Amino acid sequence: MMELLELMKYRRSIRKYQKKQIERDALQKIIEAGLYAPNAGGGQRTFICAVRDQSLCEKIGKLNLARFDRSRLAGSHVSNDQPSNIDDPAIKSGFYGAPTVCAIFAPKNFFYSIPDAFCCAENMVLEATELGISSCIIARGEETFDNEIGSRLLETWKIPQNYIARCFVLLGYCNGNYPQAKTRKEGRYRIIG
């Protein structure tokens, strides 16, 4: 068992997945970790919907990329080992073939909706790493379901009307070698006093 800081240093964003499905017990632990994430005022407003149907994950992953706007990118390269759709426009799914995808929803008009969702996602990927499961946090939640197909899925899943997808956590097993850590950039912090 790794100490927390070592676990954080070891965790990677994985974008190449084996077809092998994760165990339901592991998924329960990962969801539980998300439910214990820090949240504004202790309100516990996030809602997690886990999808374990690979064909449905692929369908939603294509919706996730449908309105991807390359003009808003802050960089042009992510990884040679684990390329993203930024690196390779031929990638057609924002979920990279992950066998399990967790959509994280939060209230639409709540000021801390986005930070709450991403805190939830971070707890989930750390627990996944602890369990030997690969993961990646994916944005573009709002755009993914902002269409007729997406609306029908939300209705089928009984997502509350005032909730919106903020992000996703991809879960599965790394296909290929687990990537090495990138060198940390210098000058990214200062201590005052």
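Predicted model: local features only at pLDDT ≥ 70, side-chain atom pairs only at ≥ 80, totals over all residues.
Close-up 1. With a relative accessible area of 59%, Ala 66 counts as exposed, because exposed means over 50%. For a sense of scale, pick out Thr 183 as well: 117 residues separate Ala 66 from Thr 183 along the chain, and their C-alpha atoms are 32 Å apart.

**Close-up 2. Helix H2 and its buried face.** H2 takes in residues 24-35, twelve in total. From first C-alpha to last, the helix reaches 16 Å, close to the 16 Å expected at 1.5 Å a residue. Which residues of H2 are buried? They are Ala 26, Leu 27, Ile 30, Ile 31, Ala 33 and Gly 34. Look down the axis of H2 and these buried residues fall within an arc of 155 degrees, so they line one face of the helix. Over on the other side of H2, you'll find Arg 24, Asp 25 and Gln 28 exposed. The cover on the buried residues of H2 includes three strands, E1 (47-51), E2 (100-107) and E4 (163-172), along with helix H4 (113-130).

**Close-up 3. Helix H4 and what packs over it.** H4 runs for 18 residues and reaches 26 Å between its first and last C-alpha atoms, close to the 26 Å expected at 1.5 Å a residue. Its buried residues are Ser 113, Asp 116, Ala 117, Cys 120, Ala 121, Met 124, Val 125, Leu 126, Ala 128 and Thr 129. What covers them? Helices H1 (4-10) and H2 are part of the answer, and so are strands E1, E2, E3 (134-138) and E4. After H4 comes Gly 132, with a positive phi near 80 degrees.

**Close-up 4. Thr 129, a buried residue of H4.** Zoom in on helix H4 to find Thr 129. Is Thr 129 buried or exposed? Its relative accessibility is 9%, so Thr 129 counts as buried. Setting aside neighbours within four places in sequence, the contacts of Thr 129 are Leu 7, Tyr 10 and Arg 11. Arg 11 shows up again in the next view, among the residues closest to the centre of the largest pocket.

**Close-up 5. The largest pocket.** This pocket has a volume of about 1200 Å³. Its lining is made up of 35 residues, and those closest to the centre are Arg 11, Ser 13, Arg 15, Val 78 and Lys 182. H1 and E3 each put at least two residues into the lining, with E3 giving the most, three residues. Sort the lining by class and you get twelve nonpolar, nine polar and 14 charged residues.

Close-up 6. A relative accessible area of 4% makes Ser 84 buried. Leaving out neighbours within four places in sequence, Ser 84 is in contact with Arg 15, Val 78, Ile 91 and Tyr 96.

Close-up 7. Of the 14 lining residues, Lys 108, Ser 151, Leu 154, Gln 161 and Tyr 163 lie nearest the centre. Helix H6 (148-156) and strand E4 each supply at least two residues of this lining. By class, the lining of this second largest pocket splits into seven nonpolar, three polar and four charged residues.

Close-up 8. How many cavities of 30 Å³ or more does the structure hold? There is one. The largest cavity contains about 40 Å³ of space. Its lining consists of Cys 49, Val 51, Ile 60, Phe 95, Val 101, Cys 102, Ala 103, Phe 145, Trp 157 and Phe 168. E1 and E2 each contribute at least two residues to that lining, and the largest share, three residues, comes from E2. Which classes make up the lining of the largest cavity? Ten residues are nonpolar, with no polar and no charged ones.

Notes: Residues numbered from 1 in each chain as written. Heavy atoms only, no water. Helix = DSSP H or I, 4+ residues; strand = E, 2+ residues; numbered from the N terminus. Expected span 1.5 Å × (residues − 1). Buried < 20%, exposed > 50% of the residue type's maximum accessible area, 1.4 Å probe, protein only. Arc of directions from axis to C-beta. Contact = heavy atoms within 4.5 Å. 1 Å grid on protein atoms, 1.4 Å probe; cavity = no way out; pocket = protein on both sides within 12 Å on 5 of 7 lines; lining within 4 Å. Points joined across faces, edges and corners; volume = space filled by probe spheres on them. Nonpolar A, V, L, I, M, F, W, Y, C, P; charged D, E, K, R; others polar.
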